Amino acid sequence: MPQTVQGVIAREKGADVELVNVIVPDPGPGEAVVKVDACGVCHTDLHYREGGIGDDFPYLLGHEAAGVVESVGAGVTDVTPGDFVILNWRAVCGHCRACRRGRPWYCFDTFTATQKMTLEDGTELTAALGIGAFADKTLVHSGQCTKVDSTAPATAAGLLGCGVMAGLGAALNTGGVTRGDSVAVIGCGGVGAAAIAGARLAGASKVIAVDIDPRKLDKATELGASDTVNAKDDDVVKAVRALTDGFGADVVIDAVGSPETWKQAFYARDLAGTVVLVGVPTPEMTIEMPLAHLFGKGGSLKSSWYGDCLPSRDFPMLVDLYLQGRLPLDAFVTETIGLADVEVAFGKMHAGDVLRSVVIW
């Protein structure tokens, strides 16, 4: 039977979010109902509320989550009721040209649940990133559920569902950071801080954190940065070069996503170095620069989508590293809150007061 649960929706562009009753249908073929245990408040949810992603309101927000599978539909074999899972928004198809070439982290035909969750009056909800986890329970495609070690707390594990994975993956997967590399990360919010942790985990010899907020630089140091640069006081390119014997960093990760920070990343890298753009630019942003500079610097200019992660490969491995004490996921949880506190958490996030507010049940 369909269930009535509480959930947080954005009813219209720019309006405060609302706590409402949501109808969750029984899972159909290939689907699963998941009891949500924890869900991080991610900047992407704020983008949805502000109309920055689409206009298919009302949105059921929340996507950075972990919980327990309650029930599954016909044909589901990859998870079973009782499994502790992290939800992901890249359920790979296994059939597209990327999947056939052995690059499923680039899957071009990801999918979500077929059925819609609704309001009590029958209004269909659009689940944020196909998940909608600011709710007691949510309906997803079974491929969006990745089983991990159930001894990990949901508050930590759920962070791998989006922002922390994006940052870790920008360093580990897209940037290919390895032992002895020098790395600079521009922007030390949740994603940038995770990139710092990822670079340190990979064995980088120098990890330079760049931000304009001293609080974020302090947190970056806690997570493994060897050096910090306050971009409000110092020329970023000169500072990074000075910290790398005048050469520039092997890998520079732009976790802001603006023309200014991307150019800083480009010019702060060593010859044949790598720039990774993981911060999301807005549609009107453009860059103009001499083509000769692109040729002369060589190297790679990359974009990182979801940290180029493959959930089935990366989530269990990263949870294991966390349980071994090698990945400090708990350090990203600034506070735990209730469902009714999501709107306040958006304000704290926008002000830079938190790395992550996490909703718990």
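Predicted model: local features only at pLDDT ≥ 70, side-chain atom pairs only at ≥ 80, totals over all residues.

Guide: Let's start at Tyr106, which lies in the loop between H2 and E7. Tyr106 has a relative accessible area of 31%, so it counts as partly exposed. Together with Phe108 and Trp305, Tyr106 forms a nonpolar patch on the surface, and the three share about 330 Å² of accessible area.

With a relative accessible area of 57%, Arg101 is exposed, because the cut-off for that is over 50%. Arg101 belongs to a positive surface patch, whose other members are Arg97, Arg100 and Arg103.

Most residues other than glycine have a negative phi, and most peptide bonds are trans. Against that background, look at Tyr306: its phi is positive, about 55 degrees, although it is not a glycine. You'll find Tyr306 in the loop between strand E16 (300-303) and helix H10 (311-323). Tyr306 is at 3% relative accessibility, so it counts as buried.

Asp245 has a positive phi as well, near 60 degrees, and is likewise not a glycine. Its place is the loop between helix H7 (236-242) and E14. Asp245, at 68% relative accessibility, counts as exposed.

Then there's the peptide bond from Phe57 to Pro58, which is cis, with omega near -5 degrees. Pro58 sits in the loop between helix H1 (43-49) and strand E4 (59-60).

On to the strands. The loop with Asp245 leads us to E14, a strand covering residues 249-254 that pairs with E15 in the parallel sense over five bridges. Strand E15 (residues 269-277) has seven of its nine residues buried, so it is largely enclosed by the rest of the structure.

For antiparallel pairing, go to E5. Strand E3 (residues 31-40) and strand E5 (residues 64-72) run antiparallel and are joined by eight bridges. Val33 stands opposite Ser71 of E5 there. E5 also runs antiparallel to strand E6 (residues 84-87), with three bridges joining them. In that pairing, Gly67 has Val85 in E6 as its bridge partner. While you have these strands on screen, remember that in a regular strand the side chains alternate between the two faces of the sheet.

Conventions
Residues numbered from 1 in each chain as written. Heavy atoms only, no water. Patch = residues over 30% accessible without salt bridge, like charges linked within 9 Å, V, L, I, M, F, W, Y side chains within 5 Å. Areas by Shrake-Rupley, 256 points an atom, 1.4 Å probe, with all protein chains shown as cover. Salt bridge = Lys/Arg side-chain N within 4 Å of Asp/Glu carboxyl O. Lys, Arg positive; Asp, Glu negative; His and termini not counted. Charge placed at Lys NZ, Arg CZ, Asp CG, Glu CD. Buried < 20%, exposed > 50% of the residue type's maximum accessible area, 1.4 Å probe, protein only. Helix = DSSP H or I, 4+ residues; strand = E, 2+ residues; numbered from the N terminus. Pairing = 2+ DSSP bridges.
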